[in-house]
Amino acid sequence: MNFLPIFLDLRGKSCLVVGGGETAARKSAMLANAGATVHVAHEGELASAFADIKEQDRIVHKRAAFGAALLDGMELVIGAAEDDVIDQQVFEAARARQLPVNVVDKPALCSFVLPAILDRSPMIVAIGTGGASPVLARLLRARLETLIPASYGRLAYLAESFREQVKAKFSHGPMRRIFWEKVLQGPVAELVFSGKEDDAAKLLQRTLDTEKDEAPQGEVYLVGAGPGNPDLLTFRALRLMQQADVVVHDNLVSDPILEMCRRDAERIYVGKKRANHAVPQEDINMMLVRLAKEGKRVLRLKGGDPFIFGRGGEEIETLVDHGVAFQVVPGITAAAGVASYAGIPLTHRDYAQSVTFVTGHLKDDTPNLDWDAMAKPNQTIVIYMGLQGLPVLSQELVRHGLSPQTPAAIVQQGTTPHQRVVIGTLGTLPELATEAQLKPPTLIIVGKVVSLHHKLKWFVSEDDRLAQS
Ligand code: SAH
């Protein structure tokens, strides 16, 4: 983050705008609208646009060329003279006094940048690109305009008027938050958006009166986060991610996805990586029970789908045994996500009429899979957790009747910027994988459909791009 967004209180403060043209008028209007008294330094007449500024009483025309003395008593400076020499003077004089300064369209002469603003006062959304592309910021603002109802600000005022009452009613912080989330997303909000503010206030009062001040009932959300690319989350996953109080996650959940969880939610990491051993499954199960019993909304976030090689079943069995409420959100399992992003259809009328998902995690190195069934023709086999066991896996499949020429692929970190696809045959894949120094997670796909990759590949990851350049 190159810039820290902050919201300045300029009410009753003085700001200097240097210049008297259209741009200076636009900036002056913005500052006046934020409650500032705007000193406009310009020797000649002001452009006609100044006459359109609503808060005329906050505009003070200083008929003078720019000089450092004009900075006395100012909180903030905007250079809009559109003159290289003056712009430079304004910047230097302001910085000498450590005043925040912005010279329009000259990033090198700015100590702050102005965002694109979506005004739903008292709620304000500011969008910045650090000066990289103001147009992009404006496009995003236009999208938000359509998403955030014009009356959103009124909802904030209504909430403000009930704030103390709500605070007094609920002794538990989480309960208060749950109450507000319900109100701000439910019928009260709808009434405000449709202009019925009195009805909204009455309904809010009634809701508050009937609410009980009890410790909230905790719940566990067992959520599949998909194979790593945040675009592949479901809407329901995202909604629950944004309301959970605590997040329990392991290494398959990527950072961009974790960042989409509620900012102030507590995060508990139970995966491997560090010290190279994971929290035992029984401990995770009991941790979920304990957190939920404390009244928390617990997000158990898992890679892919929670019910596919995810031990999700075991976790909710424990919840059932302890009478803890839960819900399950399916996710895109690695097989589906990775195959799509590698351009390998898992079934195809010409090559494979069925697909089998197996785990390649071999207990004590002893293969305990149904090799005969897997070695049957016209099917696709997808192997999860198979990187380590790959030599044994390919050997056994060949020993049980599959040709060593059978096309096979191994895909690293599918669907993400680090996706890498290595294509070979059952015979060659173990060696190719070692050469490529793949990093987990990886998924192995075996079957004739793999040969379609060359024709159907469509996704180019960042790692692919790096490898090509
Ligand atoms: N519940 C998960 C699977 C957990 S087992 C799901 O439904 O996808 C962990 C294994 O999933 C990894 O060892 C790897 O084989 C596979 N996997 C998960 N995400 C992957 C990805 N982005 N790319 C390749 N393999 C992945």
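Which residue has a backbone N or O atom that lies 2.8 Å from a nitrogen atom of the ligand? It is Gly-414. This is a predicted model.

**Around the ligand**

| Residue | Ligand atom | Distance |
|---|---|---|
| Gly-303 | nitrogen | 3.0 Å |
| Ala-334 | oxygen | 2.8 Å |
| Gly-414 | nitrogen | 2.8 Å |

Taken alone, the ligand exposes 540 Å². The protein buries 92% of that area. Two elements each give two or more residues to the shell: helix α12 (334-341) and strand β17 (442-446).

The ligand is surrounded by 18 residues. Pro-227, Asp-305, Ile-308, Thr-333 and Thr-442 are the closest. What is the make-up of the shell by residue type? Eleven of its residues are nonpolar, six are polar and one is charged. Two domains contribute at least three residues each: domain 3 (219-332) and domain 4 (337-468).

**Aromatic pairs**

Now turn to the rings. The model holds eight aromatic pairs. One of them joins Phe-170 and Phe-179, with ring centres 5.3 Å apart. Their planes meet at 45°, so this pair is tilted. Are these two residues buried or exposed? Phe-170 has a relative accessible area of 2%, so it is buried. Phe-179 is at 1%, so it is buried as well. The cut-off for buried is under 20%. Ring pairs also bring in Trp-180, which forms a cluster with Phe-170 and Phe-179.

Another pair is Phe-357 with Tyr-384. Here the ring centres lie 5.9 Å apart. The planes are at 55°, so this pair is tilted too. It links distant parts of the chain, 27 residues apart. Phe-357 belongs to strand β13 (residues 354-359), and Tyr-384 belongs to strand β14 (residues 379-384). How does accessibility compare for these partners? Phe-357 is partly exposed, at 31% relative accessibility. Tyr-384 is buried, at 8%.

**A tyrosine in a strand**

Where is Tyr-269 found? It is in strand β10 (residues 266-269). Its relative accessible area is 22%, so Tyr-269 counts as partly exposed. Buried would need a value under 20%. Tyr-269 is 211 residues from Arg-58 in sequence. In space, the two are 54 Å apart, C-alpha to C-alpha.

Technical notes:
Residues are numbered from 1 along each chain as its sequence is written. This is a predicted model: local features need pLDDT of at least 70, side-chain atom pairs count only at pLDDT 80 or more; totals for chains, interfaces and linings use all residues. Side-chain values use heavy atoms; hydrogens and water are left out. A residue is near a molecule or strand if one of its heavy atoms lies within 4 Å of it. A polar contact is a pair of N or O atoms within 3.5 Å; within protein, one must be able to donate a hydrogen and the other to accept it, and residues adjacent in sequence count only if both atoms are side-chain atoms. Accessible areas come from the Shrake-Rupley method with a 1.4 Å probe; for residues, only the protein chains shown count as cover. Helices (H or I, at least four residues) and strands (E, at least two) are DSSP runs, numbered from the N terminus. Ala, Val, Leu, Ile, Met, Phe, Trp, Tyr, Cys and Pro count as nonpolar, Asp, Glu, Lys and Arg as charged, and the others, Gly among them, as polar. Domain bounds come from an automatic or database domain assignment. Buried means under 20% relative accessible area, exposed over 50%, partly exposed in between (1.4 Å probe, protein chains only). Rings of Phe, Tyr and Trp (its six-membered ring) pair if their centres lie within 6.5 Å; planes under 30 degrees apart count as stacked, over 60 as edge-to-face and the rest as tilted.
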